[in-house]
Amino acid sequence: MATMIDETVILRYLLNDNKRQADEAAATIASGTTLVYPEIIARTAVSLRDVYHVPRSVIGEALTRLLEDVTVVDEAAVRLAIRYFSSTLLDFTDCLMVARNVLCGHRVVSFDKAILKKMLPA
């Protein structure tokens, strides 16, 4: 059975800023049954950026390493979104939308010009 975790667990795991919680997060992730949804990765990226003021490139590196330790739903899109997030000013959810456009060819309707620049033509 999978164990779902939220961004608080991932943050403790990545930041190691609360020893007890970081140890519990590491043990949970080390169990090999950890499942993470894309929206949790998005919330983690935003927290690292906005609350902890971690540079986007460092967030990208940390989240990419995290994907080696957990099972992520829609992993290909999440991996590509992480790459976009670390190299653009787009929000993570926008990066997911762009990644899904690129990988799956989903048509996207948006009034955000920054997003549209990254989209493949339909």
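Modeller: In this predicted model, isoleucine 29 has a relative accessibility of 3% and therefore counts as buried, since the cut-off for that class is under 20%. Isoleucine 29 lies in helix α2, and, when residues up to four places away in sequence are set aside, it touches Ile5, Tyr13, Thr34, Leu66, Asp69 and Val70. For the protein as a whole, among contacts between residues at least 6 apart in sequence, 54% join residues at least 24 apart.

Helix α2, which spans residues 19-30, also carries arginine 20, and here the setting is another one, for arginine 20 is exposed, with a relative accessible area of 56%. Arginine 20 stands 16 residues from methionine 4 in sequence, and their C-alpha atoms are 19 Å apart in space.

The neighbouring helices can be taken in turn. Helix α1, residues 7-15, has Glu7, Ile10, Leu11 and Arg12 as its buried residues, and these pack against α2, β2 (34-36), α3 (38-50) and α4 (56-66). Just after α1, asparagine 16 adopts a positive phi of about 50 degrees. In helix α4 the buried residues are Arg56, Ile59, Gly60, Ala62, Leu63 and Leu66, and Leu66 is also one of the residues that isoleucine 29 touches. The cover over the buried residues of α4 includes α1, α2, α3 and α5.

As a general background, nonpolar side chains in soluble globular proteins tend to be buried together.

Helix α5 also includes glutamate 75, which is partly exposed, with a relative accessible area of 31%. Glutamate 75 and valine 109 are 34 residues apart in sequence and, C-alpha to C-alpha, 23 Å apart in space. In the loop between β3 (71-72) and α5 sits aspartate 74, whose phi is positive, about 60 degrees, although the residue is not a glycine. Aspartate 74 is partly exposed as well, at 34% relative accessible area. A further positive phi, near 55 degrees, belongs to histidine 53, in the loop between α3 and α4, and histidine 53 is exposed, with a relative accessible area of 63%. Such values deserve attention because most residues other than glycine have a negative phi.

Stepping back to the whole chain, the protein contains 7 helices and 3 strands, and, read along the sequence, they follow the pattern β-α-α-β-α-α-β-α-α-α. A compact globule of 122 residues would have a radius of gyration near 14 Å, and the 15 Å of this protein agrees with that. Along its principal axes, the C-alpha trace spans about 50 × 35 × 20 Å. Of the 122 residues, 40% count as buried, isoleucine 29 being one of the buried residues. The accessible surface comes to about 7000 Å², with 55% of that area belonging to carbon and sulfur atoms. As for charge, the mean positions of the 14 positive and 15 negative charges lie 7 Å apart.

Conventions. Residues are numbered from 1 along each chain as its sequence is written. This is a predicted model: local features need pLDDT of at least 70, side-chain atom pairs count only at pLDDT 80 or more; totals for chains, interfaces and linings use all residues. Side-chain values use heavy atoms; hydrogens and water are left out. Buried means under 20% relative accessible area, exposed over 50%, partly exposed in between (1.4 Å probe, protein chains only). Helices (H or I, at least four residues) and strands (E, at least two) are DSSP runs, numbered from the N terminus. Contact means heavy atoms within 4.5 Å. The radius of gyration is taken over C-alpha atoms; the globule rule is 2.2 Å times the number of residues to the power 0.38. Accessible areas come from the Shrake-Rupley method with a 1.4 Å probe; for residues, only the protein chains shown count as cover. Lys and Arg count as positive and Asp and Glu as negative; His and the chain ends are not counted. The place of a charge is taken as NZ of Lys, CZ of Arg, CG of Asp or CD of Glu.
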